[in-house]
Amino acid sequence: MKVSVIGTGYVGLVSGACLSHLGHTVVCVDVDPRKVDMIMEKNPPIYEKGLQELLDENVPARLTATTDLRKAVLESELSLIAVGTPFDGQIIDLKYIRQVAKEIGEALKDKPDYHMVVVKSTVVPGTTTDVVLPILEAASGKTAGVDFGVGMNPEFLREGEAIEDFMQPDRIVFGGIDERSIDSLAALYEVFDKADKVRTDPRTAEMIKYTANSLLATLISFSNEIANLCAAQKVDVAEAMHGVHLDRRFSPILPSGERVSPGFVSYVWPGAGFGGSCFPKDVKALVAHGENGGVPMQLLKSVIDVNNRQPQKMVDMLEDRLGDISGRKVAVLGVAFKPGTDDIRESPAIPVIRQLADKGALLTAFDPIARHEAERELGDKLSFRDTLDEAIADAEAILIMTAWPEFKALPEMISKLPGAPLLVDGRRMIEKDSVPNYAGIGLQ
């Protein structure tokens, strides 16, 4: 199938690269000529594990990039809209969605063949049918369901694991305005014959995405609220959660006696809070959407409140142990919102770094991937080091903000330091007895 993908962010570029790997002919569209040039030069404009290999394999044979949206639509059978949907505090901003829908519609005006238009961006229920579809009809002068199809195909890609998630889907949701639209979407993904398929309407497809992200965010905030109570009660939340995880409904026991630990259990674990481009924005957007519809979302509002307060716990633990931190040497490990990505959007590390810098701490930092993005955002607040060893060399305290696997070596590395720096574990990834001076989320 010939596919055009509008937007080359994490969702758009990963989707385009993976679809080309599956044999489709894909053209990615972006308004930024720099990104287009980078893709055509096989230079990923974002970091995602495995993306470089996909570009090397498929550009330019099955994957190309352009700024010419009209040409891309006219020469493809299906268009995926994967542009950003920022949240302004009240509603998600659909200006990019609207603009792209208008441009696609204008191209469809001159296209004699049936074309499928699919929203892949995360949008609140009703956006595809109540916003995108009317714009397409007005701009093209044609009728949805007759001259072109419209659908919603939410993504379930974890940054850092996005390519694996795309290539090994646990479910694929086809939200279409009619059977022909759904069938067109199904044809795009027919190679995934073993994945569960959900055939539904666009509004339900949109709701599935928001519900999934809100549930995972709720699990994280629940875990952090329990962690804070545990700390006050002199209980180690890591031990408490371990006991919870052994419930067979969380980690089933196979007939062989082997215990299985599903991936979602990792969300039932304390930390410094969630971040990224999805969870914070999507939960806030669903809260606002509910309130605008007369349905207050009290639980999800609390999820955001708990998360907003969680980074402060890192600063509190540091000051409880060190007292006045002005002039004290502190190493911040990890700035990306999660391991496996260079994305620092809404990262809990950012408010922690800003507050420590304002209090006069002397900050060094290390992140295996996100250094460039972090220096652009926080360059005047701290000094980055090239290696983990260099970052902690003279530190009086070490803060783990991101659960990068490299940080598991800290106990051994700390044992070789002349002093015994305080290790403040914001991800509870280090055994509390493995270093001489330990503080962690959910531990008094």
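**Overview**

Eight strands form an open sheet with mixed pairing, in the order E3-E2-E1-E4-E5-E6-E7-E8. The model is a predicted one, in which local features need pLDDT of at least 70 and side-chain atom pairs count only at pLDDT 80 or more, while totals for chains, interfaces and linings use all residues. Residues are numbered from 1 along each chain as its sequence is written, and side-chain values use heavy atoms, with hydrogens and water left out. Helices (H or I, at least four residues) and strands (E, at least two) are DSSP runs numbered from the N terminus.

- The edge strands are E3 (63–66) and E8 (196–200), each of which pairs on one side only; two strands pair if DSSP finds at least two bridges between them.
- On average, neighbouring strands of this sheet are turned by 25 degrees against each other, direction ignored. Axes here are lines fitted to C-alpha atoms, for helices over the stretch in contact, and angles run from 0 to 180 degrees between N-to-C directions.
- Strand E1 (residues 2–6) runs parallel to strand E2 (residues 25–29), and five bridges join the two. Valine 3 has valine 26 in E2 as its bridge partner.
- Helix H1 (residues 10–21) lies across E1, E2, E3 and strand E4 (78–81), and runs at about 165 degrees to E2.
- Helix H8 (residues 179–188) lies across E1, E4, E5 (115–119), E6 (148–152), E7 (171–176) and E8, and runs at about 150 degrees to E7.

- Strand E9 (residues 329–333) is joined to E12 by four bridges, and the two run parallel. The bridge partner of valine 332 in E12 is leucine 399.
- Leucine 399 also has a bridge partner in E13, namely valine 424.
- From E12, Ala397 and Leu399 point one way and Ile398 and Ile400 the other, and all are buried. Buried means under 20% relative accessible area, exposed over 50%, and partly exposed in between (1.4 Å probe, protein chains only).
- Strand E12 (residues 397–400) pairs with E13 in the parallel sense over four bridges. Isoleucine 400 has aspartate 425 in E13 as its bridge partner.
- From E12 the chain crosses through helix H16 (residues 410–415) to E13 in a right-handed β-α-β crossover. Right-handed means that, with the strands pointing away from the viewer, the path from the first strand over the helix to the second runs clockwise.
- Strand E13 (residues 422–425) is covered on both faces, with Leu422 and Val424 buried on one side and Leu423 and Asp425 buried on the other.
- Three bridges join E13 to E14 (residues 438–440), and these strands run parallel. Leucine 423 has tyrosine 438 in E14 as its bridge partner.

**Helix H11**

- Helix H11 (residues 279–292) has 14 residues and reaches 20 Å from its first C-alpha to its last, close to the 20 Å expected at 1.5 Å a residue. The expected span is 1.5 Å times one less than the number of residues.
- Because 10 of its 14 residues are buried, H11 is largely enclosed by the rest of the structure. Among the buried residues are Val283, Leu286 and Val287, together with Lys281 and Asp282.
- The cover over the buried residues of H11 includes helix H9 (202–232) and helix H12 (298–322), where contact means heavy atoms within 4.5 Å.
- After H11 comes glycine 294, with a positive phi near 80 degrees.

**Aromatic pairs**

- Rings of Phe, Tyr and Trp (its six-membered ring) pair if their centres lie within 6.5 Å; planes under 30 degrees apart count as stacked, over 60 as edge-to-face and the rest as tilted. The count by this rule comes to eight aromatic pairs.
- The ring centres of phenylalanine 166 and phenylalanine 192 are 6.4 Å apart and the planes stand at 70 degrees, so this pair is edge-to-face. Phenylalanine 166 and phenylalanine 192 are both buried.
- The rings of tyrosine 267 and phenylalanine 279 have centres 6.3 Å apart and planes at 45 degrees, so this pair is tilted. Phenylalanine 279 counts as buried because its relative accessibility is 13%.
- Ring pairs also link Phe166, Phe174, Tyr189 and Phe192 into a cluster.
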